[in-house]
Amino acid sequence: DKKCVLSGSWRNELGSNMTISAVNAEGGFTGSYFTAVTATNKRILVSPLKGSQNSKSQRKQPTFGFTVSWTFSNSVTVFVGQCFMDDNGEESLKTMWLLRQEVGSPFADWKATRVGTNVFTRIKGQNM
Ligand SMILES: O=C1C=CC(=NNc2ccccc2C(=O)O)C=C1
């Protein structure tokens, strides 16, 4: 039946990967985010993620939010989105994000937050 489950591994269009743990009774989950976006070097860096899914997994296509606290910079990204399943059973997470970068003073606060979209597709054959 059409039920999209958050736990498992996902990749976005930037080539970043994330792995989400099992969703607990309160809808909470944790995971790891391996970003492909590095201003410095080409090494994939891992950052922790924490989030919650609305009303556990009873829903077929649940909404969720999660925060990635980047280990390589003084910034944070929050993602909100929904888990969808198409008629071929392909799952995707359609998200919008806010990236908050650290700025030196309140006068620079105006340029501190970026917004964007990301679609994550499931990476098959990994801890399914
Ligand atoms: O300090 C920084 C600068 C750029 C970053 N880009 N990664 C992202 C930002 C928004 C959404 C997805 C990603 C990603 O890495 O997949 C992350 C931390």
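Two strands, β3 (28-35) and β7, each give at least two residues to the shell around the ligand. Keep in mind that this is a predicted model.

**Around the ligand**

- The ligand has 15 residues surrounding it, and the closest are Ser16, Tyr33, Thr35, Ser73 and Ser75.
- Sort the shell by residue type and you get eight nonpolar residues, seven polar ones and no charged ones.

- Tyrosine 33 puts a polar side-chain atom 2.6 Å from an oxygen atom of the ligand.
- Serine 16 also has a polar side-chain atom by a ligand oxygen, at 2.8 Å.
- For asparagine 12, an N or O atom of the side chain sits 2.9 Å from an oxygen atom of the ligand.
- On its own the ligand would expose 420 Å², and the protein buries 90% of that.

- Val76, Val78, Val80, Met96, Leu98 and Val115 make up a nonpolar surface patch of about 490 Å².
- Two elements give two or more residues to this patch: β6 (76-85) and β7 (91-100).
- β6 provides the largest share, with three residues.

**A closer look at valine 78**

- Valine 78 is part of strand β6.
- Its relative accessible area is 34%, so valine 78 counts as partly exposed.
- Patches take residues with over 30% relative accessible area, and valine 78, at 34%, is one of the residues in the nonpolar patch.

Note on methods
Residues numbered from 1 in each chain as written. Predicted model: local features only at pLDDT ≥ 70, side-chain atom pairs only at ≥ 80, totals over all residues. Heavy atoms only, no water. Patch = residues over 30% accessible without salt bridge, like charges linked within 9 Å, V, L, I, M, F, W, Y side chains within 5 Å. Areas by Shrake-Rupley, 256 points an atom, 1.4 Å probe, with all protein chains shown as cover. Salt bridge = Lys/Arg side-chain N within 4 Å of Asp/Glu carboxyl O. Helix = DSSP H or I, 4+ residues; strand = E, 2+ residues; numbered from the N terminus. Buried < 20%, exposed > 50% of the residue type's maximum accessible area, 1.4 Å probe, protein only. Near = heavy atom within 4 Å. Polar contact = N/O pair within 3.5 Å; in protein donor to acceptor, adjacent residues only side chain to side chain. Nonpolar A, V, L, I, M, F, W, Y, C, P; charged D, E, K, R; others polar.
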